[in-house]
Amino acid sequence: MTSIVSFRDVSKAYPGRGAAKGKPVHALRDVTFDVQKGSITGVIGYSGAGKSTLVRLINALELPTGGTLTVNGRELTGMGEKQLRGLRGGIGMIFQQFNLFNSRSVAKNVEYPLIVAGWPKEKRAARVAELLQFVGISDKARQFPSQLSGGQKQRVGIARALATNPEILLADEATSALDPETTTEVLALLKRVNEEFGTTIVVITHEMHVVRSICDHVAVMELGSLLEHGHVYDVFAFPKNPATQKFISSTIADKPSPDTVARLQQLHPGRLVSITISEAPGSGAGSNQRDISSLLASYPAVHDSVVYGSVTEIAQRPFGSLTYVLEGPDHDVDAVIKGLSQLTTVQQWPAAAVAGTDDEGAQR
Amino acid sequence: MIDWATMGPQLATSIQQTLYMVIITMIIGGILGLLIGILLYATRPGNILQNTVLFNVLNFVINLVRPIPFIIFISLVGPWTLEVIGTSIGTNAAIFPMTLMTAVVLGRIVEQNLVGVDPGVVEAARAMGSSRTRVLFDVVLRESIAPLILGYTFIFIGVVDMSAVAGYIGGGGLGDLAITYGYQQFNYAVTLLAVAVIVVIVQLAQLLGNFLAKRMLHR
Ligand SMILES: Nc1ncnc2c1ncn2[C@@H]1O[C@H](COP(=O)(O)OP(=O)(O)OP(=O)(O)O)[C@@H](O)[C@H]1O
Ligand SMILES: [Mg+2]
């Protein structure tokens, strides 16, 4: 795979506004990473992490204040306004609030980028019809945006963004204003765009399931820095950065919260441990659950029961976390935990007596 | 009561004069107001023609002129009227200050409507590679057509009001009719008649404005 966008120590500082005048806001700090051609790359992180800034740099809506940014083999720094406009014309963008032109019909919305790109009139009509057909709203061509549902509006947004056959499609929270069912449909459409046209897609999202269902790569951001990036499965199943681990467990919610831990400990005598279910690192085949079950079975004196958790898939590979209560002689329970630690990541929750304090448990 | 034999033609002339003043003012003042509004919008910090000095000057002039009562404004620009129109009394002399005031007030209304366009839509157009000038005409102005029509309709009422005041400098029209026959000759019926005609004109304009705005809104 080759890279289509490459960030090298890219920084972006905005001049401070209002009370903070004179104090720049560092929206991005020394970001280095590549977007692979043909990939669907997710950008995740808490609000204010710099996700929108990162994406707006790719189509030069903002310019970097440091580092070098190369898009489609061309370096952005030093480009004139006219060249930048040309570059933008070759990159599609869709938005959370759709941003359709309310004064134009659906067909005219989709036609607009073609006019900007200087397509002759005869070719435009055919292209618009083709695009509306592709996104499945041919019957709405003469309607106006205010007459459409959110999902239909985003389909128009996608058709409009794809009009000039862009190599890159940027999506800033494109499904955040949609209900779950419509979100699924729009995500399926984006996936189809990627597969049929080979369009590289960069999606900003705070919804983990967006990343899970369509992304193959992911970048995690915090406070302007890129914490981690790589294949979705590697980043999610084996996060290296503690902040990434926290972000992932808070958004996937498959590990019990401190409150839940306290409640579980009251309900169940025994030792509480959370283990990660994944493909065994490096093995590349099947989940580690089989080994875990065998291990537990080999200690008949220890009674185990699952009290919390979930196992799903990310990028068609097993992923999740299960919380067990282990009951039995201390010596045996210790041995089980030691065995588990060799198979996967184990988080031991402190005993009931100390539960409720801020101690979040030891990570092995 | 109303003596229709003399009042009939008189009323017809007054209506004609009022419509003449209002329509000419709406056309010239309307175009000037649109230009001032666009200029204000474009010279704003961060916009295409960003020019702090021009922006502040325009802003200052508008804020200064807008609150001047129209009857005082007429006499304030009197010398200038004389120079431009050649006379400071009569219908054409009335149109001059009316046009100036309309342009200034409209300038502000136009600017506010342009500023009110969803920045997301502007960003979408920019992301397509549209130039800033193009964004202004294709997107900002176009997206504000409906509110602009309503703004112009609103101004229309103000212009009718100004045309009545202009009667004082010999502009004629319905205001003049109500003052000379109704007020000064104690013929209350004529005043009522002038009011009725003005109400009809204003209502028709309002209906037309609402109708056009609604068509442009596509709702
Ligand atoms: N035009 C701007 N001027 C000044 N500061 C800005 C500007 N745009 C963004 N910022 C600041 O830069 C930082 C990153 O903003 P950005 O919009 O990239 O975050 P985000 O990750 O997209 O957040 P969200 O999830 O809320 O959309 C924030 O602190 C924000 O206040
Ligand atoms: Mg954002």
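This is a predicted model: local features need pLDDT of at least 70, side-chain atom pairs count only at pLDDT 80 or more; totals for chains, interfaces and linings use all residues.
Student: Which element gives the most residues to the shell around ligand 1?

Tutor: The residues around ligand 1 include A:Tyr14, A:Arg17, A:Val25, A:Lys51, A:Ser52 and A:Thr53. In chain A, the elements that give two or more residues to this shell are strand E2 (25–36) and helix H1 (51–58). The element that gives the most, with three residues, is H1(A).

Student: How do the residues of the shell around ligand 1 divide into nonpolar, polar and charged?

Tutor: Among the residues around ligand 1 are A:Ala27 and A:Tyr46, together with A:Ser47, A:Gly48 and A:Gly50. Taken as a whole, the shell divides into five nonpolar, five polar and two charged residues.

Student: What percentage of the accessible area of ligand 1 does the protein cover?

Tutor: A backbone N or O atom of A:Ala49 lies 3.1 Å from an oxygen atom of ligand 1, and a side-chain N or O atom of A:Lys51 is 2.7 Å from an oxygen atom of the ligand. For A:Thr53, a side-chain N or O atom is 2.6 Å from an oxygen atom of ligand 1. Of the 640 Å² of accessible area that ligand 1 has on its own, the protein covers 66%.

Student: Why does B:Ile23 count as partly exposed?

Tutor: B:Ile23 lies in helix H1 (residues 4–43) of chain B, and belongs to a nonpolar surface patch that also includes B:Leu19, B:Ile27 and B:Leu35. Residues count as buried under 20% relative accessible area and as exposed over 50%, with partly exposed in between. B:Ile23 is therefore partly exposed, because its relative accessible area is 45%.

Technical notes:
Residues are numbered from 1 along each chain as its sequence is written. Chains are lettered from A and ligands numbered from 1 in the order in which they are written. Side-chain values use heavy atoms; hydrogens and water are left out. A residue is near a molecule or strand if one of its heavy atoms lies within 4 Å of it. A polar contact is a pair of N or O atoms within 3.5 Å; within protein, one must be able to donate a hydrogen and the other to accept it, and residues adjacent in sequence count only if both atoms are side-chain atoms. Accessible areas come from the Shrake-Rupley method with a 1.4 Å probe; for residues, only the protein chains shown count as cover. Helices (H or I, at least four residues) and strands (E, at least two) are DSSP runs, numbered from the N terminus. Ala, Val, Leu, Ile, Met, Phe, Trp, Tyr, Cys and Pro count as nonpolar, Asp, Glu, Lys and Arg as charged, and the others, Gly among them, as polar. Patches are made of residues with over 30% relative accessible area and no salt bridge: like charges are joined within 9 Å, nonpolar side chains (Val, Leu, Ile, Met, Phe, Trp, Tyr) within 5 Å. A salt bridge is a side-chain nitrogen of Lys or Arg within 4 Å of a carboxyl oxygen of Asp or Glu. Buried means under 20% relative accessible area, exposed over 50%, partly exposed in between (1.4 Å probe, protein chains only).
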